[in-house]
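Work through the exercises below with the sequence and the model at hand. Each task is followed by a solution in steps.

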Amino acid sequence: MVYFVCLAVGYLIGSFPTAYLFVKSKFKIDIRDAGSGNVGARNAYEVTRSRMIGLIILIIDFLKGILSVYLCSFFGENITMTAACGGIGAVCGHIFSPWLGFKGGRGLATTAGVMVMFGWIYIVIWLLFYFLFNIYLKQVNLSSIVASIVSPVVMLLLPDKIVFSFFIPEAERYEIVFMCFVLSFIIIIGHHGPIKDFIRKGKRI
């Protein structure tokens, strides 16, 4: 039961529609109907052309992941799993916000906030693959998807000594790998819009 509570807490925190509220209040624009339709920092910047707005949204979405993990770490006996459930809930809430008809962003900033609390090395690995693939593919969304597929596999293959040098000491190896795979899977789901466009219309994603 405690895990479901943590998922719910994280989901509510993550569902705060940062980009929608900022763009709507400052520019009177519904971000869901502008640009890519993504309710995140990147699209907010592209729609408003305001670096400040984009940065503020990015930071708040990042903090949603941190806050969810922190609060849920006080639940139950297995701190790692309750905190992980809070983080997973936050990313799901960001991507599928009930306040926006279960629409939202891609979940990248919130996921980064979650992983900062567990092990920042995963963010470095993800960014490394993202930039490498983006140099070759020159497609932001496709590079994000590929990086999200490869990164948890790398975590699975890394030696224990390296993993535990960067992740919280309370975590078990299987808990770390499980969380990396689940969060990466959720990020890929968060890219369902571009994936559908690519499959149906042959658009570049």
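**Exercise 1. Decide whether C72 is buried or exposed, and find out what its sulfur is bonded to.**

Step 1. C72 has a relative accessibility of 0%. It therefore counts as buried, a class that means under 20% relative accessible area, with exposed meaning over 50% and partly exposed in between (1.4 Å probe, protein chains only).

Step 2. A disulfide is a pair of cysteine sulfur atoms within 2.5 Å. C72 is in no disulfide, and the nearest cysteine sulfur, in C6, lies 3.9 Å away.

Step 3. Two points on the source apply here and below. The model is predicted, so local features need pLDDT of at least 70 and side-chain atom pairs count only at pLDDT 80 or more, while totals for chains, interfaces and linings use all residues. Residues are numbered from 1 along each chain as its sequence is written, and side-chain values use heavy atoms, with hydrogens and water left out.

**Exercise 2. Describe how α6 and α7 pack.**

Step 1. Helices (H or I, at least four residues) are DSSP runs, numbered from the N terminus. Helix α6 covers residues 108-118 and helix α7 residues 121-137.

Step 2. Two packed helices are described by the angle and the distance between their axes. The axes of α6 and α7 come within 8 Å and cross at roughly 140°; axes are lines fitted to C-alpha atoms over the stretch in contact, and angles run from 0 to 180 degrees between N-to-C directions.

Step 3. On α6, the contact (heavy atoms within 4.5 Å) is made by L108, A112, M115 and V116. On α7, Y122, I123 and W126 take part.

Step 4. By class, the contact has seven nonpolar, no polar and no charged residues. Ala, Val, Leu, Ile, Met, Phe, Trp, Tyr, Cys and Pro count as nonpolar, Asp, Glu, Lys and Arg as charged, and the others, Gly among them, as polar.

**Exercise 3. Locate K28 and R49 and state the phi of each.**

Step 1. Most residues other than glycine have a negative phi. Phi of K28 is positive, near 55°, and phi of R49 is positive, near 60°.

Step 2. K28 sits in the loop between α2 (18-27) and α3 (41-48). R49 is in the loop between α3 and α4 (51-72).

Step 3. K28 is exposed at 66% relative accessible area, and R49 is exposed at 55%.

Conventions: Helices (H or I, at least four residues) and strands (E, at least two) are DSSP runs, numbered from the N terminus.
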